[in-house]
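Hello,

Here is the structure I promised to pass on. Please open it alongside this note; my findings follow below.

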Amino acid sequence: MKSKWKEMSTVNKVVLVARIVLSIVIIVLALLQIFGVLENAINYTMPLLGVYFLIVSIQEWKTQRGPALFSMSVAIFIFIVAFVVCFG
């Protein structure tokens, strides 16, 4: 996103902050899983990745439909995999 902060709408600001917070949480949970601190961190990380990709697709929908559709399909795939892992 190459626009300036002051020129962005309130909705875009909220979405951008949500993406940043989700990115940080996903990285921390992945590190906790890798280092063995929290064994089930992947169960929380997978749905958060799905939410992240949904946010990306919503943010990109107006400007780039192709990447937005790809992000949405990745999010659906992640939700399906998370459902299979948790309940399968």
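Which residues does L22 touch, not counting residues up to four places away in sequence? The answer is L48, V51, Y52 and I55. Please keep in mind that this is a predicted model.

Now the overall picture. The protein chain has three helices and zero strands. Along the sequence the pattern reads α-α-α. The C-alpha trace spans about 45 × 25 × 15 Å along its principal axes. The accessible surface of the protein chain is about 6,400 Å². Carbon and sulfur atoms hold 73% of that surface. Of the 88 residues, 24% count as buried.

Then the core. The largest nonpolar core has six residues: V15, L22, I26, Y52, I55 and V56. Helices α1 (10-34) and α2 (41-60) each supply at least two residues of this core. L22 is one of the six, and its contacts include the core members Y52 and I55. As background, nonpolar side chains tend to be buried together in soluble globular proteins.

Last, T45. This residue lies in helix α2. Is T45 buried or exposed? T45 has a relative accessible area of 6%, and the cut-off for buried is under 20%, so T45 counts as buried. T45 touches I26, L29 and A30, again leaving out residues up to four places away in sequence. Of these, I26 also belongs to the largest nonpolar core.

Best regards

Note on methods
Residues numbered from 1 in each chain as written. Predicted model: local features only at pLDDT ≥ 70, side-chain atom pairs only at ≥ 80, totals over all residues. Heavy atoms only, no water. Core = buried A, V, L, I, M, F, W, Y, C linked by side-chain atoms within 4.5 Å. Buried < 20%, exposed > 50% of the residue type's maximum accessible area, 1.4 Å probe, protein only. Helix = DSSP H or I, 4+ residues; strand = E, 2+ residues; numbered from the N terminus. Contact = heavy atoms within 4.5 Å. Areas by Shrake-Rupley, 256 points an atom, 1.4 Å probe, with all protein chains shown as cover.
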